[in-house]
Amino acid sequence: MPPVVLQMACIAGLLGLAVLAIILSRSKAATAVVYGATLALSAIALTGAIRWLLGDTTKPGDLVLPIGLPWLGAHFRLDALAGFFLVVVNLGGAAASLYGLGYGRHDHAPYRVLPFFPAFLAGMNLVVLADDAFSYLLCWEFMSLASWALVMAHHREAGNARAGYVYLVMASFGTLALLLAFGLLAGPAGDYGFAAIRATQHTPYTATLVLILMLLGAGSKAGLVPLHVWLPLAHPAAPSHVSALMSGVMTKVAIYGFIRVIFDLLGQPGWPASAVVLFLGGITAAMGILYAMMERDLKRLLAYSTIENVGIIFTSLGLAMAFQANGQKLAAALAFTAALFHVLNHSFFKSLLFFGAGAVLTATGERDMDRLGGLIHRMPLTSFVVLVGCVAISALPPFNGFVSEWLIFQAVLQSPELPQWALKIMVPAIGALLALAAALAAACFVKAYGVAFLGRPRSVAAETAGEVDRFSLAAMFILAALCLLAGILPGLVIDALSPVAMQILGSRMPIQVNEPWLSIVPIAESRSSYNGLLVMVFITISASLAVYFIHRFASHALRRGPAWGCGFSDPTPAAQYSGGSFAQPIRRVFGTLAFHARDHVEMPAPGDIRPARLRIELHDLIWEGMYEPIAAAVGLSSEKLNRLQFLTIRRYLSLVFATLVTLLLVLAIWS
Amino acid sequence: MLLVLLLAPLLTGFVRKVKARLLRRQGASIFQPYRDLLRLLRKEVVLAENASWLFRVTPYVTFAAIWVAAALVPTFATGLLFNWTADLIAIVALLGSARFFLALAGMDVGTSFGGIGSSREVMIAALAEPAMLLIVFCMALVAGSTQLSTVANFMASSYVGLRVSLGMAVIALIMVALAENARIPVDNPATHLELTMVHEAMVLEYSGRHLAMIEFGAFLKLLLYVSLIACVFLPWKIAVFGTGALSYAVGAAAYIVKLAAAGFFLALFETATAKMRVFRVPQFLGAALMLGLLGTLLLFVSRSF
Amino acid sequence: MSAHSFDAVAAVLLIPIGSAALLAALPGYRLTARLNVVASLATFLAALSVFVIDRPPPGPYMLIDDLNIVFIVLNTFVGFTTSIFSASYIAHELETGRLTPVYLRFYHAMYQTMMFGMNLAFVSNNIGLMWVAVELATLTTVLMVGIYRTHAALEAAWKYFILGSVGIAFALFGTILVYMAARPVVGEGQDGMIWTLLIEHAARFDPALLNVAFIFLFLGYGTKVGLAPLHAWLPDAHAEGPTPISAVLSGLLLNVALYALLRFKILMAANPAAIAPGPLMVTMGLVSLVFAAFMLYRRRDIKRLFAYSSIEHMGIIVFAFGMGGPLANFAGLLHMVMHSLTKSAIFYAVGHISQIKGTQRINRIRGLTVTHPALGWGFVVGVVAIAGLPPLGIFMSEFLVVSSTFARQPLLAIVLVFGLLLAFGALTLRLTSVAFGEPRGSKASADASYVPMFAHLALVLGAGIYLPPPLVTWFQHVARLLG
Amino acid sequence: MQMHSLAFDVSHTLAGGLVLISFMMLYQDRLYSLLNVFALHAVVLSLSVAWQAFVQDAPHLYITAIIALVFKAIVIPVALHRIVKQLGIHRDIEAAVGIGPTMLAGMALVALSMVLMLRVTADADPLAREDLAFALSVVLLGLLVMVTRRNAVSQVVGFMSLENGLVLAATGAKGMPLVVEISVAFSILIAFIVIGIFLFRIRERFDSVDVSALDDFRGERR
């Protein structure tokens, strides 16, 4: 059976499963059945996609179904790009299903999740495969719809309804933007097939407009600042394994859409476009992680860090566009591969971290970091894998996050070759921004891990927490292992990605497997190289050496005592450093600019026994400066127009009369 | 690798000695750090009740990471056997992971001092890294590589000449180095006055062999930065790979001299300046960042002519 | 065979009027309700039979062509499903005593009369006859809107009646003018009103006269389509009448007026010297769309909410037809069909909801999906469909309208998209509050037949994913007919 | 063509008279007098229709004329008189717009309709054309009455004068099939049945038919 058919079969299976889930959603077995089935299906799809990607991808597999737009039919196409993103999607899907096997049992209203989970997976797969504008948009919006239903799964909790609403509106905003983009690409004749669009030569005007629309459409789904507002609301609202999918996978589908249209369909938009993308990417990365730093809700923090990573990916895509526009094939391939690599990595560790957050949620029922703490004692396994995730996402060697960021920096270092001065000067600045983002990410995850898992428990729930079920653990451990593998064997991944770069850019990075010791060499060894494996080995060796010598020669005496703390041992766990206080230095540095942050200390008068309080005031400037005014404007104008509902019949008649007279006048003057 | 192990405490000791002398004190012998380490190794470990396994693993991880990083910096000869394993960015990142774990350890016991230390440490790091990257960028622009041996070779080769931007870069690098190594004016390694300490507050809970590991790590880090500056910006007499034993000897000698000089200047600087408030650090590092950026831009200009 | 087919046409007309007389005579609501359903079904079947047998040649009064078959079949089908719904709805109304058996008899008779009027309007080949039919349909609905005889209902009916009759007057005046224009060319008497003849000779009509005529017709029938600012009657009529009537109003009567509008648009298009109807329709369409979109935000009454959404969609449809061209016309037709099905389905749901909760105030209805899963999720699907989300039918038509417009008139498309987004925001806002959250209001289980609702939704869903080729070719033909 | 020109003149006069009377309606401020003027309006209409019937020797138009005469000139004014008495509506009409502006607007409307109609090429015979022009202005004036008067009776009157305009146009159209006249009568009948029902029902609930009293509900309460 040809690969594309296999994929479609899996998707059909998922859709069928969704229907089945509606039928037996009330029964006990439903959870196990549905997640088991999704696990199996996405595993099959995953293997299929991987085999396709490693095989010969030069001849894409096409499939046309007699549905969708009648005179066009629904086109589906499996090429290298689609293949890669199928891997991402189905890997996430499989992991989430495995996790769901355990996590889903704690869900109090499974019938609100089960039908939509497979539908969501199917939607994402379909988007990646779709090969004509109509089916693309259909699947895209179907995906949004399914995920919206999942966000609304816990609709009774405060704020979730609002989250779902904002999400749905932003999603449809994005869809409409895409719709316009495709309308432009398809032209008045309306040939919506991607093949036809690819064939036509687009004017610069079209290209610019399409780029803007794509940034609005795909950007709003991926969470580009300032279109990101829905993301930190919606992702945490969903059940954790769904949050993992939305953050780890759905944003990637959006990025796929961007790549597909800008790189594949549109051709080359020219270097100014790349400058725009670079700028947006950099801003998004920095802002995202700053937001995350300020956050005290675990899942919201993760959502914000997703925004940061999306920013990084877009930056790297922007670099690829810049190089491609100047015909620097090799550098373009480097940047593009870096972007894809980061897509893969982020899907790994972000899913892992959301699973972790979900585990914490099930164990303690808490998402607020400042009510957690000391979990490393109660849930050792979970905290171990989450630690791995944190190290990986903080871009620290020898894990995968570092490799992709390292590649991106290598790409940044190529920028002096660019002829345009604007880019010459811009790219290093953006690079610095990325470095800042990376460092802040490290800070942010030190905070998250340190506050939630280390220290002493800050609430009863945190004290009485217990380890989670084995399905969840299995899912998390698999992802953690993947993080390490991708970190120490990056060469293999890069080679696996090369067909995609070949297809999109017509160039690829040099083959990496032949390098000695499996190290990776983007351009030339004299320029730069990195070997995750050896770094790993060295660290283990030297660490074990150290340990050996220490335990050989040093004393083994060990005494447990109260914490020293300069002699001042804190009376209560509440006196520990909390998330807010940990973020304080950085808030002092960036906060005033980015959030108009203010700390108010309320000192009680002498003799007053009230405790002194520190109130932190943060403003989401984007929300307050952009969205609230829009909402206000709509509200105001609807209020004004609403008067028309309360007129007397006579006034209505006068309206009719006025219309008539105007039309007649127009006629009298015009003709 | 062993060489750096041996040299690191010596450097620190030397710095301390010079400082003492500058303050008209006798000062401990320059071998004192070795003694300290041995003493710490012999002492028992006092562990807070709720210290987790992470707390106990961290010292080794940190030490290992720094050690590897230090070993990857060419000291007196380029073309180390393994230095294609990681370029400068990777080395910085290795230091980063060391810091990451230390900061976590600081949070682990759950005292407020650990918190202070970690939070300030990560703040400083967050500011130091962009500056570092720009310096790297500047260097890479000159040498066309981030591979340290290559850079060193290139710099050693005569025709580099003196460049404004390189000057800026080296100043910036020194500033970063000061911040990273918790030296005055960013931090004071000697103090135990709670409100001013950053690095020390973070490792407050450590004792015995663990503390030894961490101290040792700190020594290594200092050495690392010094030799980094040495090999990149003053690579005179550095032995190019494959030349004869003599040049190696010369290189070694030169290296020692460089270390001494650097140590002396460091000490001088530390005694001359006072520690600044924590929230003046951003300006300090911001200056470094600006210098790096300026250097890069100037480089463009100078290249274009 | 034309004899048979004429029978079909006659059946479409005679069954309703006959059963109307019968229903007026018969007592007892069970029987009448059943009879109502049966009659509607029979009409529907008769309408379907037009497919299988060949069409009659256009006579002086009757005409069957591709265009009106679409409308007739849709009309009879929705009429049929609505009659089923109304059976269960009316039963409940009797129990609560809002309606007395006497009024019920009247109600069913009127229902069939209205069906008759609408079908007549569709099949008539004579613009005078068409006018009469449209007015008949309108006036019957006026009576049914006022049937509850509450303060609000009477007022709504009165408003509807006054504005409606002004519309009537305009339409008639326009018709007369068309005749005047036609007379010198086609000749006096009967022929001057036969549409098929008019369209043949339209090219030689006097353009000035035709222009004035079209403006009057546009306003006259536009009043019934509910284009802003002629819409004032529509929300109240929907809100205060019995819900089946709201469904029929939104689903059918608007289409009838639209159909008349299209006929005259074709006529205008056939005359090169006359003004192009396109810009007029586009403008009014956009105005209605944006206006209704804004109005949606302040609605507190759930039926009025969807009444405004009907205005919005009529705006889209008129816009599409105004744009013209095969794609846009196709989209317009599709959108019209989809809107009728979806909107009536929504009104079925709303009817049951308001009966269960005993109120139409939106803020008194919460968490439907919790208390009444079937009803709630049906409602959700309906609103999602009407908001234009895939994989439901309206998405396809909106996709075609927007994309085809943007390629030709970017600015118009921007306005269109703006309106769509506004309306979307308002509808989903209400949706989330009604369907989700902590349940509020009575949790009594509904003794309702969900068959019509889910039937419609299934059709819409199917159409969104797969349109059968014959239907498509047929629509495309009609689209070409519309120019 | 003496005959024809005479025909032309007469119909022209009558139609013009109709417009004139519409103007008179505009400045009536007493309800009764308004009704009387309307009766006059209807009479003139029926005359002109009759004249058309004579000119076009189309006997069926006489029926229309009679309908107009009987219903509009006699029955309805009387009925409305009754209603006004019964419901005790106070006798004077409160106008939404002052008389002066109303008149000016009326002028403008007439001018507009002239402009529009005289565009029509003359091959449609002048008779029809003039008639149309007047009919259009009568329609517009009727609408103006509806718009500028506050209470229901005068609005109904305005509406009917509007329909008179239609009838004028219809009869002006030579050889217009019977369909139209029937439909006109038919629509008037329906109109009156329904209005009757409404007045009755409204009577049940409020003591005035002042529409603005009806409008206090206006859909949704604020």
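Chains A and B share the most contacts of the 4 pairs of chains in contact. Two residues are in contact if their C-beta atoms, placed from the backbone, lie within 7 Å. This is a predicted model: local features need pLDDT of at least 70, side-chain atom pairs count only at pLDDT 80 or more, and totals for chains, interfaces and linings use all residues. Residues are numbered from 1 along each chain as its sequence is written, while chains are lettered from A and ligands numbered from 1 in the order in which they are written.

**View 1. The side of chain B that touches chain A.** Chain B gives 72 residues to the contact, and chain A gives 74 residues. Several elements of chain B each supply at least two residues of this side, among them α2 (32–42), β1 (45–48), α4 (88–108) and α11 (281–304). α5(B) gives the most, with 17 residues. Helices (H or I, at least four residues) and strands (E, at least two) are DSSP runs, numbered from the N terminus. By class, this side of chain B has 44 nonpolar, 17 polar and 11 charged residues. Ala, Val, Leu, Ile, Met, Phe, Trp, Tyr, Cys and Pro count as nonpolar; Asp, Glu, Lys and Arg as charged; the others, Gly among them, as polar.

View 2. Two strands pair if DSSP finds at least two bridges between them. B:Ala48, in β1(B), is the bridge partner of A:Gly561.

**View 3. Chain B does not touch chain C.** The nearest C-alpha atoms of chains B and C are 40 Å apart. Chain B does not touch chain D either; there the nearest C-alpha atoms are 55 Å apart.

**View 4. Helix α3 of chain C has a kink.** α3(C) covers residues 66–96, 31 residues in total. From first C-alpha to last, α3(C) reaches 44 Å, close to the expected 45 Å. That expected span is 1.5 Å times one less than the number of residues. The kink is about 25° and centred on C:Ser86. The bend at a residue is the angle between axes fitted to the seven residues ending there and the seven starting there. C:Gly97 follows α3(C), with a positive phi near 75°.

**View 5. Chain C has 19 helices and 0 strands.** The C-alpha atoms of chain C fill a box of roughly 65 × 55 × 45 Å, taken along the principal axes.
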